[in-house]
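Visitor: I'd like a plain tour of this one. Start with whatever term I need.

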Amino acid sequence: MLMSLRTLDWDEDLLQLLRIPREMLPAIRPSSDPRVYGFTAADGPLGAAVPVCGDLGDQQAALLGQAGLRSGMAKNTYGTGCFLLLNTGTEPIPSKAGLLTTVAYRFGDDGPCVYALEGSIAIAGALVQWLRDNLGLISEPAEVEELARSVEDNGGIYFVPFFSGAFAPYWRLDARGVIVGLTRFIHRGHVARAVLEATAYQTRGVVEAMVADSDIPLAELRVDGGMVRNEFLMQFQADILGVPIVCPLVSETTSLGAAYAAGLAVGYWESQEEIAHYWREARRWIPLMPAEQREALYAGWKKAVERSFGLVEV
């Protein structure tokens with residue numbers, strides 16, 4: 001957080017403000033560096049002095065593993081939380097919609113720096129765990145899909161899981177979790193469905209912020225993480241976003257992205273185009289919901305989000 005996104009060097013103003021001597025900071029190196037950062041121990045687990053020359057953050061590596069190499073390509077990792085990245089090209093876009101502007105990757109000192117917009121969702125798969133551990137409505141996370149499918153719709157309820165405040169794009173520390181629209185008709189099937197729908201609604205909120213900041217329409221969303229095995233969630237995500245959801249053949253995209261960065265550095269892969277060629281689609285979910293229904297559901301979600309604000313003093 002001390003690096004200037006434009007110069008890719010330590011920000012002198014921040015260093016002075018925080019009284020940090022430049023001399024104590026390490027050199028900033030590219031994400032993929034032919035000069036090599038170092039070597040593994042020859043007598044270590046790999047049994048050889050293997051060059052280490054790929055270095056990316058978790059979500060940036062996942063974007064690379066998803067072959068998100070062109071401006072406008074986006075990925076979402078569905079885990080305990082959700083982490084969305086949108087490739088915005090070679091110019092950083094300061095966010096006005098509550099997102100983070102970040103470096104996506106840079107291949108070598110001479111290569112252009114590619115930037116991204118990033119949005120984080122605190123509670124996604126963690127809400128399914130909460131159903132199991134705190135309420136005892138399910139005994140295993142996989143059961144939530146069957147329970148959600150036992151009802152035709154959410155019964156008019158929305159579950160806003162802002163347990164520790166609202167993350168992107170709201171950033172409201174005074175928010176807390178709420179269930180809105182309860183009636184005597186509601187049973188545990190509706191609650192399970194609202195739990196899964198909450199992840200899709202939150203994802204749309206971040207995607208809309210990305211489109212507002214970048215003016216880049218989303219053509220598809222590439223997905224990975226444990227929750228992509230939930231067929232109901234992925235179909236509902238496609239329906240609420242109105243764009244295809246695409247899952248790759250290789251699901252360990254973070255590890256794959258780090259390997260791509262290292263392989264490019266040592267010439268194992270010759271170009272970014274070769275990396276893109278290796279990406280393979282395993283599954284695609286196409287939007288099936290009518291636009292009018294999609295917008296009505298999302299309007300209800302936004303009303304529920306408003307009810308979650310101001311519940312605690314900060």
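Guide: A polar contact is a pair of N or O atoms within 3.5 Å; within protein, one must be able to donate a hydrogen and the other to accept it, and residues adjacent in sequence count only if both atoms are side-chain atoms. This is a predicted model, so local features need pLDDT of at least 70 and side-chain atom pairs pLDDT 80 or more, while totals for chains, interfaces and linings use all residues. Residues are numbered from 1 along each chain as its sequence is written, and side-chain values use heavy atoms, without hydrogens or water.

Visitor: OK. Which side chains have a polar contact with T203?

Guide: There are two to name. The side chain of T203 has a polar contact of 3.3 Å with that of N76, and another of 3.3 Å with that of Q237.

Visitor: Where does T203 lie?

Guide: T203 is part of helix α5. Helices (H or I, at least four residues) and strands (E, at least two) are DSSP runs, numbered from the N terminus.

Visitor: Is T203 buried or exposed?

Guide: T203 counts as buried because its relative accessibility is 0%. Buried means under 20% relative accessible area, exposed over 50%, and partly exposed in between (1.4 Å probe, protein chains only).

Visitor: And what is T203 in contact with?

Guide: Contact means heavy atoms within 4.5 Å. Setting aside neighbours within four places in sequence, the contacts of T203 are N76, Y78, C82, L84, I121, L221 and Q237. N76 and Q237, the polar contact partners, are on that list too.

Visitor: How many residues of α5 are buried?

Guide: In α5, 23 of the 27 residues are buried, so the helix is largely enclosed by the rest of the structure. Just after α5 comes D215, with a positive phi of about 60 degrees.

Visitor: What about R193? Is it buried or exposed?

Guide: R193 also lies in helix α5. R193 is buried, with a relative accessible area of 12%. A polar atom of the R193 side chain lies 3.0 Å from the backbone oxygen of V151.

Visitor: What else is R193 in contact with?

Guide: Beyond four places in sequence, R193 is in contact with A148, V151, E152, D153, N154 and F232.

Visitor: New topic. How many cavities are there?

Guide: A search of the whole structure finds 2 cavities of 30 Å³ or more. On a 1 Å grid over the protein atoms alone, a cavity is a set of points where a 1.4 Å probe fits but cannot get out, and a pocket is an open set with protein on both sides within 12 Å along at least five of seven lines; lining residues have an atom within 4 Å of a point. Points are joined across faces, edges and corners, and a volume is the space filled by probe spheres set on them.

Visitor: What volume has the largest cavity, and what lines it?

Guide: The largest cavity has a volume of about 80 Å³. It is lined by 16 residues, of which I121, F162, F167, A168 and Q202 are the closest to its centre. Helix α5 supplies the largest share of this lining, 3 residues. β6 (113–121), α5 and α9 (291–308) each give at least two.

Visitor: And the second largest cavity? What lines it?

Guide: The second largest cavity holds about 40 Å³ of space. A74, L86, V207, M210, V211, I216 and L218 line it. Here too the largest share, 3 residues, comes from α5.

Visitor: Last one. Where is V228 found?

Guide: V228 is in the loop between β9 (221–224) and α6 (231–241). V228 is buried, with a relative accessible area of 9%. V228 and G79 are 149 residues apart along the chain, with 8.9 Å between their C-alpha atoms. Beyond four places in sequence, V228 is in contact with Y78, V223, M234, C247 and W285.
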